[in-house]
Amino acid sequence: MDRFAELNAFSLVASHGGFSAAARQLGVATSSVTRLVDALEQRLGTPLLNRSTRSITLTDSGRTYLEHTNQILAALDEADDAAGGGDGELHGLLRVAAPVTLAIRYLAPLLPGLAERYPRLRLDLRLADSVTHLVDEAIDVAIRIGSPPQQPNLIARKLAGHRRHIVASPAYLARHGTPRTPAELAGHNCLQFAYGASRHSWHLRSDAETTEVEVTGSLTVNNSEVLRLAAWDGMGLALLPAWLVQGDLDSGALVAVLPGYEANPGQMDIGIYAVYPASRRGSAKIRLLIDLLQVALSGE
């Protein structure tokens, strides 16, 4: 049986969480994918997947084998790029993970141009505001907001800075007043992004001094666009990135509060990064996407 087909089927089952989803990706019957993975496990003499009626998960051996499998598939993909790249036409699959709102604002507008210029290039976009595991989900490149990962098997390239503003609508500030000091934030309805912590605080820095203020509010949500709309409608204060609210600040729909302070929910030195496995450092497809996003974000 084709060993490449076995590896590809196993990688897709692991990344998509099931045989049916992998089969749809390959355009074959589910039974064909099952046979390929069964043959791989039989040849290796060890189970790679824990199978139940509800879920498919990796065994310890499967997790280790998946990492090697994805490196092999990535190397083959890069070889294809090199062999077929003489005419400048990139092709094959590129899996990209990115935060939802950032992708809508900056990645989605690039798609028509990419499709026109590189008709043989296929994109698989995984949009979520949670951090994806590149190996487990077979992601080629992830766009992340925060500090660069300190892992030797990952490369992080900074695309842009990530300044945030505390914003509110003029109507909200007219009703409740404008905070003049960080401490006054505690008396306002501060709308929260859901980071998974039960306690919410904002960090504000002026000169070399950083102040941490515990804040509370009537809304917690895991999507920054919803926070923006809630602030726009006068519900309260929100801590949002400049790339999302600059147009609202320019139009006056939102007002920056405490503009003399840098503000963040956590560390101050954060940015927007493209993160990809070190094994993919030579990928022309990854380099293309990173270059396009960096240009798109250059005005932020």
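Leu102, Tyr106 and Leu107 in helix H5 meet Leu289, Leu293, Ala296 and Leu297 in helix H10, where contact means heavy atoms within 4.5 Å. Helices (H or I, at least four residues) and strands (E, at least two) are DSSP runs, numbered from the N terminus. The model is predicted, so local features need pLDDT of at least 70 and side-chain atom pairs count only at pLDDT 80 or more, while totals for chains, interfaces and linings use all residues. Residues are numbered from 1 along each chain as its sequence is written, and side-chain values use heavy atoms, with hydrogens and water left out.

The residues of this contact of H5 with H10 comprise seven nonpolar, no polar and no charged; Ala, Val, Leu, Ile, Met, Phe, Trp, Tyr, Cys and Pro count as nonpolar, Asp, Glu, Lys and Arg as charged, and the others, Gly among them, as polar.

Turning to open space, the largest pocket has a volume of about 790 Å³. A pocket is an open set of points on a 1 Å grid over the protein atoms alone, where a 1.4 Å probe fits, with protein on both sides within 12 Å along at least five of seven lines; lining residues have an atom within 4 Å of a point. The volume is the space filled by probe spheres set on the points, which are joined across faces, edges and corners. Strand E5 gives the most to this pocket's lining, with five residues. By class, the lining of the largest pocket holds 22 nonpolar, 10 polar and four charged residues.

The second largest pocket holds about 680 Å³ of space, and H4 gives the most to its lining, with eight residues.
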